[in-house]
Amino acid sequence: MSLLVDIMTNTLDESYAERARSRSSAGPVEPADRTPVARPWRRSLLPVVVLVALGMLTGTAVKQVRAREAEGTGLRADLAQQVRDRTAASDELAQRAQDLRDEVSVVQEQALGNDALGKRLAGQLTSLGLASGTLAVRGPGIVVTLDDAPDPGTADGARPGNALDGRVQDRDLQAVVNGLWAAGAEAIAVNGQRLTALTAIRGAGEAVLVGLRPLSPPYVVQAIGDAKELEVEFLDGRGGRRLITNMSVYRLPFTVERGDRLSLPGAAAPDLPAAVPRGTNANVPSADEEGSP
Amino acid sequence: MIPAVALVLGVVLGLALEPTVPAALQPYLPIAVVAALDAVFGAIRAQLDGIFDDRVFVVSFVSNVLVAALVVFLGDQLGVGGQLSTGVVVVLGIRIFSNAAAIRRRVFHA
């Protein structure tokens, strides 16, 4: 304790008192009080120089800390800007692809609408498009909305150090989608991404990817089907049970609503470069080779 | 008056000139500033007590800065640099505050 007491009580450097004592004993001519007049100018300048040095030290330290901070935030802002730019560009391209698909279907309808064979083909295309998910559709159904916990870090069931607790994960979304299919959904879209047979739902870090596209919460799952039956079957099934468990354990909020007129976009037709229909030759000419003269 | 002006002048110079500090010395700069502040507060109190001595001031200033930097450097080498700088800041902070209290008592008689 004596060390701490010493720190608290003896705050003034001993040497000041010592010097004062030795000065007064050596030469009582100059009493140890406020008489700087008698000092040579060089001696009074020294403390000033030291103070300038202290100021410079402080200024440099402040500057240095600020520079380091600016470096860090500048880099982060740069990366964030890049992400925003790329996302905007990709959104634009996706929109353009959707527009072109619409255009193609209009032209297709016109080209096939003339004779009986064309009409039959058009009907076939429509049913195939409905089944494969490449055709935009509308109809009654239900909307399941999932969201992260209000405060992800402090959810009840959260284990310390697990940032994913309190967040909707890919597995939750998979369970919901599978539950909806099992309940008789005919078409499903997550945040406007239509699901096809080839659409994967998976996690990458803290983000959930649907068909390679990162989505952010809230996740809105639209499913077209018999609304009443869908709702009952879904909430009764594994998907619904999972949502209820998530709600009570991790405080993940969810809602299920019926909708009379849901409208789902079509998905891009998947590229199948290797798969050919069975019974045909493997090196059958592809569509665009056929079209060229 | 002159000391205050000198201090401000130094800060302005430091901010404006941006002297380059060797990267190896950079971590010790903040701790050196705190140590130097302790010397300055000690000097102000001595001045008010009427026992100020410029040589003591300069020597205590320089040695404070060097010792503080040395202690932190040693701590860095031993892997306890963070804790030691906390210790240095706490001890010097206590001294600065009690010196400031003494100065306040003397100036305002309160």
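In what order do the strands of the open sheet of five strands in chain A stand? In this predicted model, in which local features need pLDDT of at least 70, side-chain atom pairs count only at pLDDT 80 or more, and totals for chains, interfaces and linings use all residues, the order is β3-β2-β7-β1-β8, with antiparallel pairing. Residues are numbered from 1 along each chain as its sequence is written, chains are lettered from A and ligands numbered from 1 in the order in which they are written, and side-chain values use heavy atoms, with hydrogens and water left out.

Strands (E, at least two residues) and helices (H or I, at least four) are DSSP runs numbered from the N terminus, and two strands pair if DSSP finds at least two bridges between them. In the five-stranded sheet, β3 (193–194) and β8 of chain A are the edge strands; each has a single partner strand, so one side of each lacks a neighbour in the sheet. The antiparallel strands β2(A) and β7(A) are joined by four bridges, and Ala187(A) lies opposite Ile224(A) in β7(A).

A further open sheet, of three strands, has the order β4-β5-β6 in chain A, again with antiparallel pairing. Its edges are formed by β4 (201–204) and β6 (213–215) of chain A, each of which pairs on one side only. From one strand to the next, the twist averages 40°; axes are lines fitted to C-alpha atoms, for helices over the stretch in contact, and angles run from 0 to 180 degrees between N-to-C directions. Four bridges connect β4(A) and β5(A) in the antiparallel sense, with Gly203(A) opposite Val208(A) in β5(A). Helix α5(A) packs on this sheet and touches β4 and β5 of chain A, its direction making about 170° with that of β4(A).

Buried denotes under 20% relative accessible area, exposed over 50%, and partly exposed in between, for a 1.4 Å probe and protein chains only. Beyond its neighbours within four places in sequence, Leu173(A) has contacts (heavy atoms within 4.5 Å) with residues including Leu146(A), Val190(A), Ile201(A) and Val221(A).

Four aromatic pairs are found over all chains; rings of Phe, Tyr and Trp (its six-membered ring) pair if their centres lie within 6.5 Å, with planes under 30 degrees apart counted as stacked, over 60 as edge-to-face and the rest as tilted. Tyr28(B) and Phe73(B) form an edge-to-face pair, at 6.2 Å centre to centre and 75° between the planes. Tyr28(B) is buried, at 10% relative accessible area, whereas Phe73(B) is partly exposed at 37%. Ring pairs also link Tyr16(A), Phe52(B), Phe57(B) and Phe61(B) into a cluster.

The contact between the chains takes 44 residues from chain B and 34 residues from chain A. About 3,700 Å² is buried between them, 70% of it from carbon and sulfur atoms; buried area is the accessible area (1.4 Å probe) that two parts lose on being put together, summed over both. Ile51(B), Asp54(B) and Val56(B) supply 15% of the area that chain B buries against chain A, more than any other three residues.
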